[in-house]
Structure formats: C-alpha cells, structure tokens
Amino acid sequence: HQGETRPMNTPRLFSALLISALVAACGTTQPSNYYMLTADAQGTPSDAGISIGVGPVEIPDYLKERSMILSRNDHLLSVSDFDRWAEPLEAGILRVLILNLSVLMDTQQAYAFPWRSDAAPEYGVRVSVVQLSVGETSALLSVSWSLHHARTGALVHKALAQLQAPVTDNNAETVADVYSKLLLDLSETIAAVISRDIESS
C-alpha cells in the first residue's frame, strides 16, 4: 500500500556491511616486504681454483616458514605478518655459502648439491643448521657442518660451530643483515679448514 514502510531485511543488510568492511580492509592491507641473504665476501674469483660442492643444507622446521621468524626471548618466537624471505631460507643459505666460498677460495668451481657421480667436486660441504635466531642484543648461528673429499667420501673435518654477532635491534632488515654476516663467518671457518687440508696434502 502507498506510504507503507517495509521491514528492513537484517541479514541482507548485515551481509552488505560485512562485504563493505572486507573490501575496505583489503584496500588498506600493508604490502609485504621481501628480504634476501647476501654474500658479504669481497672480491671476484678467478678461473683457477679447486672445485667445491655445497649441500645439502638442512634447517629446523620452524625456519621453513617464508615469513620471517623473529625472536622475542629465548623461548618465544613471533611470525612476522609482512616481512618475508624472498626465497626458502635453506636455498638462501646454500646460495650465500657458494658465493662466499668461491671468493674466499678464489675459484669459480663452486656449485650446489646434488652433482653427478662422475663429476664430483674435490671437496664437499654439508651443513645442518641447529639454531638461527636473533635476540635483543645478539644473533646466534649454531650449525653442524662437515667437510669431505667428495670423490672418495673420506671425511676431512666435522664440527659444531657456535657463531654470534651483536645487534642493536631485531627488526627484519637487521635479521637479514646479521644472518648474512654470520654466514660469512661460517664460510671463513670452512675456507680455513679447506686451506689447511690443501697445505697438508
């Protein structure tokens, strides 16, 4: 009838408001930031040099998130909503170790596991990360690693390294930077052992 007011359709109105809210929220979502580990060894390797194979690299399950894991204390970790690794962390660690070792050992013959059995490198490096974390004042890389003659399988050296670096905060950019520095420290440790083995041969 003319002039009659129809009752409000509450479910439909609620749905419309909910959709509007979701659209508005999507429109203001903060974009993600993507970070990479960097190879900090300085220099350009020559064509000469020994052959080095790196891998496999293993990391704990909690580090396999593409989102950055930030430490809040010794027992509490937080997953960043907007800070992410640009590649799987184990792939980044592998890439950086290869690049660092190629510079430190002055060789362009550094490559990733797996390799063909008939094209094995002179040295193979296996890496298993036990802990990689950053707190309020320091970052820690605890890693079990081994060096072997890849062509014979003979073990050259095996060690558990505990590497630390100071930090002033633990934001995402600091995490990427300090992890890269710790991987350089590990690379220098591995390179020193390789050099000693070459000299004693």
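Strand β2 (residues 52-58) and strand β6 (residues 123-134) run parallel and are joined by 5 bridges; helices (H or I, at least four residues) and strands (E, at least two) are DSSP runs, numbered from the N terminus, and two strands pair if DSSP finds at least two bridges between them. Within this pair, E58 stands opposite S128 in β6. The model is predicted: local features need pLDDT of at least 70 and side-chain atom pairs count only at pLDDT 80 or more, while totals for chains, interfaces and linings use all residues. Residues are numbered from 1 along each chain as its sequence is written, and side-chain values use heavy atoms, with hydrogens and water left out.

The protein chain holds 3 helices and 8 strands. Read from the N terminus, the order of elements is α-β-β-β-β-α-β-β-β-β-α.

The β2 and β6 strands belong to an open sheet of 5 strands with mixed pairing, in the order β5-β2-β6-β7-β8. The edges are β5 (110-112) and β8 (155-166); each has a single partner strand, so one side of each is left without a neighbour in the sheet. From one strand to the next, the twist averages 25°; axes are lines fitted to C-alpha atoms, for helices over the stretch in contact, and angles run from 0 to 180 degrees between N-to-C directions.

Two helices lie across strands of this sheet. Helix α2 (residues 89-104) lies across β2, β5 and β6 and runs at about 155° to β2, contact meaning heavy atoms within 4.5 Å. Helix α3 (residues 172-200) lies across β2, β6, β7 and β8, at about 30° to β7. The 29 residues of α3 reach 43 Å from first C-alpha to last, close to the 42 Å expected at 1.5 Å a residue; the expected span is 1.5 Å times one less than the number of residues. At the start of α3, a side-chain oxygen of N171 comes to within 3.3 Å of the backbone nitrogen of E173.

H149 lies in strand β7 (residues 138-149). Leaving aside neighbours within four places in sequence, H149 is in contact with E122, Y123, A154, V156 and D197. The side chains of H149 and D197 are joined by a polar contact of 3.5 Å; such a contact is a pair of N or O atoms within 3.5 Å, where within protein one must be able to donate a hydrogen and the other to accept it, and residues adjacent in sequence count only if both atoms are side-chain atoms. P121 is 28 residues from H149 in sequence, and their C-alpha atoms are 8.0 Å apart.

Another open sheet has 3 strands in the order β1-β4-β3, again with mixed pairing. Here β1 (33-35) and β3 (67-71) stand at the edges with a single partner strand each, so one side of each has no neighbour in the sheet. Neighbouring strands of this sheet are turned by 60° against each other on average, direction ignored. Strand β3 runs antiparallel to strand β4 (residues 77-85), and 4 bridges join them. In this pair S67 stands opposite R84 in β4.

For the chain overall, 39% of the 201 residues count as buried. Among contacts between residues at least 6 apart in sequence, 68% join residues at least 24 apart.

Terms used
Buried < 20%, exposed > 50% of the residue type's maximum accessible area, 1.4 Å probe, protein only.
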